[in-house]
Amino acid sequence: MSFTIAIDGPAAAGKGTLSKAVAAHFGFAHLDTGLLYRAVGAKTLLGVEPIEAALALTAEDLNAQGLRTQDVAQAASRVAVIAEVRAALVDFQRAFAQRAGGAVLDGRDIGTVICPDAAVKLFVTASAQVRAERRFLELSAKGDPCTREDVLADVKARDARDMERVEAPLKPADDAVLIDTSQMSIEDAALRAIAVVEARKP
């Protein structure tokens with residue numbers, strides 16, 4: 001029997017960390033759907049057309065090196081506004097969601113478009129300033145020569161693209177549970193998410 005958990009939210013809100021924690025707690029499979037768009041974005045940086053890259057995407061592409069860089073993140077955000085790219089990746093995500101034993105998917109449109117019938121929907125958010133600081137510290141630890149101002153500008157630009165695009169804009173599903181991690185530790189946010197799932201499990 002499949003049990004799908006949809007976790008959405010803006011960049012650096014903590015949804016990836018929460019998704020992994022929830023998946024590990026319940027023994028469910030986890031898919032970071034943002035990696036699909038990052039993998040497509042990475043291919044476009046090599047000169048491949050976005051739609052061609054999306055149609056040819058394989059599971060192995062999700063293990064490519066360098067998918068977590070700022071350049072790839074921006075490329076992912078640019079290709080994500082293309083309707084044909086999103087359509088090409090829908091089947092991949094929905095098939096994963098239906099796997100037996102449970103699945104956790106995190107992204108921007110899981111609860112609204114990919115899995116509107118998910119058993120549990122969470123929307124994880126935080127202020128732009130908090131998210132930018134988290135991303136800045138993460139990138140700095142990797143030796144990325146970024147500034148706080150640049151990272152905040154990037155976060156705001158991605159938010160605008162994600163929320164204003166015509167195809168599957170970033171927004172909470174009507175029945176999603178909101179978790180604002182601005183003032184929460186990862187542990188507390190994970191406990192909150194797990195409690196929500198526990199209440200919905202058969």
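**View A. The crossing of helices α7 and α8 in the predicted model.** Helix α7 covers residues 128–141 and helix α8 residues 148–164; helices (H or I, at least four residues) and strands (E, at least two) are DSSP runs, numbered from the N terminus. The two axes come within 9 Å and cross at roughly 125°. An axis is a line fitted to C-alpha atoms, for helices over the stretch in contact, and angles run from 0 to 180 degrees between N-to-C directions. The helices are therefore oblique to each other; angles under 35 degrees count as roughly parallel, over 145 as roughly antiparallel, 65 to 115 as roughly perpendicular, and the rest as oblique. The crossing of α7 and α8 is right-handed. A crossing is right-handed if the near helix is turned clockwise from the far one by less than a right angle, and left-handed if anticlockwise. On the α7 side the contact (heavy atoms within 4.5 Å) is made by Ala128, Gln129, Arg131, Ala132, Glu133, Arg135, Phe136, Leu137 and Leu139. On the α8 side it is made by Arg148, Val151, Leu152, Val155, Lys156, Arg158 and Asp159. By class, the contact between α7 and α8 has eight nonpolar, one polar and seven charged residues. Ala, Val, Leu, Ile, Met, Phe, Trp, Tyr, Cys and Pro count as nonpolar, Asp, Glu, Lys and Arg as charged, and the others, Gly among them, as polar.

Residues are numbered from 1 along each chain as its sequence is written, and side-chain values use heavy atoms, with hydrogens and water left out. As this is a predicted model, local features need pLDDT of at least 70 and side-chain atom pairs count only at pLDDT 80 or more, while totals for chains, interfaces and linings use all residues.

**View B. Asp159 in helix α8.** Asp159 has a relative accessible area of 8% and is buried; buried means under 20% relative accessible area, exposed over 50%, and partly exposed in between (1.4 Å probe, protein chains only). Not counting residues up to four places away in sequence, Asp159 touches Pro10, Ala11 and Arg131. Arg131 is also one of the α7 residues that make the contact with α8.

View C. Helix α4 (residues 70–79) is mostly covered, with eight of its ten residues buried. The buried residues are Gln70, Val72, Ala73, Gln74, Ala75, Ala76, Ser77 and Val79.

**View D. The packing of α4 on α8.** The axes of these helices are 10 Å apart, at an angle of about 20°. That makes α4 roughly parallel to α8. The crossing of α4 and α8 is left-handed. Gln70, Ala73, Gln74, Ser77 and Arg78 of α4 make the contact with Asp154, Arg158, Arg161 and Asp162 of α8. By class, this contact has one nonpolar, three polar and five charged residues. Arg158 of α8 is also listed in the contact with α7.

**View E. Cys115 in its loop.** Cys115 lies between α6 (110–114) and β4 (120–125). Its relative accessibility is 7%, so Cys115 counts as buried. Leaving aside neighbours within four places in sequence, Cys115 is in contact with Thr4, Ala97, Ile110 and Lys121. Ser2 is 113 residues from Cys115 in sequence and 12 Å from it in space, C-alpha to C-alpha.

**View F. Two alanines with positive phi.** Most residues other than glycine have a negative phi. Ala12, in the loop between β1 (4–8) and α1 (15–26), has a positive phi of about 65°. With a relative accessible area of 16%, Ala12 is buried. Ala168, in the loop between α8 and β5 (177–180), has a phi near 45°, also a positive value. Ala168 is buried as well, with a relative accessible area of 15%.

**View G. The protein chain as a whole, for orientation.** The chain has nine helices and five strands. From the N terminus on, the elements run β-α-β-α-α-α-α-β-α-β-α-α-β-α. The radius of gyration, taken over C-alpha atoms, is 16 Å, close to the 17 Å of the globule rule for 202 residues, so the chain is as compact as a globular protein of that length. That rule is 2.2 Å times the number of residues to the power 0.38. Along the principal axes, the C-alpha atoms fill a box of roughly 45 × 40 × 30 Å. Of the 202 residues, 49% count as buried. Among contacts with a separation of 6 or more, 79% are between residues 24 or more positions apart.
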